[in-house]
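Subject: Structure handover

Hello,

I am passing this structure on to you, with notes on what was found in it. The sequence and structure come first, and the notes follow.

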Amino acid sequence: YEAWRFTVHATGTYRFTTESAMDTFGGLYYDRVDFSDPDADLIIADDDSGDNNQFEIVVTLQYRQTYII
């Protein structure tokens, strides 16, 4: 898997998706992920809402909040 940590600089609605030959799955977390309980900080997850078996997450994010996707 790959993960990116980022901080939002403007509150708003954001869209995350992938373009890959593989079937992808994505999850958006608050600033940490506890791998002993990964659902604890999960905001939203998606498997196939995007085109061609890709994930697509559309979510409102808050200014100065850090997230991991």
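Strands β1 and β6 (residues 66-68) pair in the antiparallel sense, over 3 bridges. In this pairing, Arg5 stands opposite Ile68 of β6. Please keep in mind that the model is a predicted one.

The sheet

β1 and β6 belong to an open sheet of 4 strands, in the order β1-β6-β3-β4, with antiparallel pairing. Its edge strands are β1 (5-7) and β4, each of which pairs on one side only. From one strand to the next, the twist averages 20°.

Strands β2 and β5

Another antiparallel pairing joins strand β2 (residues 12-17) to β5, over 6 bridges. Here Thr13 has Thr60 in β5 as its bridge partner.

Strand β5 covers residues 56-61 and has two faces. Ile57, Val59 and Leu61 make up the covered face, while Glu56, Val58 and Thr60 make up the uncovered one. In a regular strand, side chains alternate between the two faces of the sheet.

Gly50 is found in the loop between β4 (42-46) and β5. Is Gly50 buried or exposed? Gly50 is buried, because its relative accessible area is 14% and the cut-off for buried is under 20%. Setting aside neighbours within four places in sequence, Gly50 is in contact with Phe55 and Glu56. Gly50 and Phe16 are 34 residues apart in sequence, and their C-alpha atoms are 9.5 Å apart in space.

Aromatic residues

How many aromatic pairs does a search of the whole structure find? The search finds 3. Ring pairs link Phe6, Phe16, Tyr30 and Tyr67 into a cluster.

The largest pocket

The largest pocket holds about 530 Å³ of space. Its lining consists of 17 residues. Those nearest the centre of the pocket are Tyr1, Glu2, Ala3, Phe25 and Ile69. Which strand gives the most to this lining? Strand β3 (residues 26-30) does, with 3 residues. In the open sheet, β3 sits between β6 and β4 in the strand order.

Regards

Technical notes. Residues are numbered from 1 along each chain as its sequence is written. This is a predicted model: local features need pLDDT of at least 70, side-chain atom pairs count only at pLDDT 80 or more; totals for chains, interfaces and linings use all residues. Side-chain values use heavy atoms; hydrogens and water are left out. Buried means under 20% relative accessible area, exposed over 50%, partly exposed in between (1.4 Å probe, protein chains only). Two strands pair if DSSP finds at least two bridges between them. Rings of Phe, Tyr and Trp (its six-membered ring) pair if their centres lie within 6.5 Å; planes under 30 degrees apart count as stacked, over 60 as edge-to-face and the rest as tilted. Contact means heavy atoms within 4.5 Å. Axes are lines fitted to C-alpha atoms, for helices over the stretch in contact, and angles run from 0 to 180 degrees between N-to-C directions. On a 1 Å grid over the protein atoms alone, a cavity is a set of points where a 1.4 Å probe fits but cannot get out, and a pocket is an open set with protein on both sides within 12 Å along at least five of seven lines; lining residues have an atom within 4 Å of a point. Grid points are joined across faces, edges and corners, and a volume is the space filled by probe spheres set on the points.
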